[in-house]
Amino acid sequence: MLPELEKLLVIQDRDEKIREVRKDIDRIPLEEENAKQRLAGDLKAVDEAKLAGQENEVAIKNFQLEVETCQNTLVRLKTQQFETRKNEEFSALGHEIERYDKQIVELEDQELELMEKAETLKAVLDEARGKLAATQKLVDEELEKLGERRGICQEQLDELCAERKQLASQVDPDSLFLYDRMSKNKGNVIVQLDDDSGMCGGCHMKVTTATMHKARAEVEFAHCEQCSRILYVIDDDA
Ligand SMILES: [Zn+2]
């Protein structure tokens, strides 16, 4: 193989690895986002349970206020009844007092129901919080792993880039320029030419006999007529 081609092949190998590592690094933010998204459902459950508890508390407060109002009215009615001298008014107030007594009992029953409901809601909230904490732990672990992976990838990338730079400094600048220009669009530009079928390893089209001879001769670069990639043949006897 042409010595320049051999050197470029090594560079091409590093470039391929660099592309892979870059792809890995680029994927990490998306994976981090996906991991965080796993918390969304649990966070929602906690928020909903919290809200239900708060609404229940407000409802209990309202019943308590209503009971208080009824009790105040009751005190006033009892005083009025005590002070009246009219028989009719006395009995009318008596009915009123009875009505308020009943209402207070009803309100207190409803309040009690809500207090029982508060217990259930608290249990639901505790469970939701527990589940969130468990998921959070898993997500934190995953994020930590992703962070580690980012560090490792970055290290690999730095090493590969340094190596690539070193390798590039040893190649003839014109050949390197040609390789760089072509590889920008095509990825791997140095490909094997199948010695038997005459097929280009890049575009899989058959090259001309003249090109096959040129590639075998190993005097100058042989390009595929279809895709212009640089061709090399592997000598079976070697
Ligand atoms: Zn080709």
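Which residue in β3 stands opposite H223? Select H223 and look across: the residue is I230.

This is a predicted model, where local features need pLDDT of at least 70, side-chain atom pairs count only at pLDDT 80 or more, and totals for chains, interfaces and linings use all residues. Residues are numbered from 1 along each chain as its sequence is written.

**The sheet.** Select β3 (residues 230–232) with β2: two bridges join these antiparallel strands. Strands are DSSP runs of E, at least two residues; helices are runs of H or I, at least four; both are numbered from the N terminus. Pairing takes at least two DSSP bridges between two strands.

**The helices.** Now select α1 (residues 3–83) and α2 (residues 87–168): their axes come within 6 Å and cross at roughly 170°. Axes are lines fitted to C-alpha atoms, for helices over the stretch in contact, with angles from 0 to 180 degrees between N-to-C directions. The two helices are therefore roughly antiparallel (angles over 145 degrees).

**Two loop residues.** Go to H204, in the loop between β1 and α4 (209–217). Its phi is near 60°, a positive value in a residue other than glycine. Finish at E218, in the loop between α4 and β2. Its phi is near 55°, also positive and not in a glycine.

Technical notes
Angles under 35 degrees count as roughly parallel, over 145 as roughly antiparallel, 65 to 115 as roughly perpendicular and the rest as oblique.
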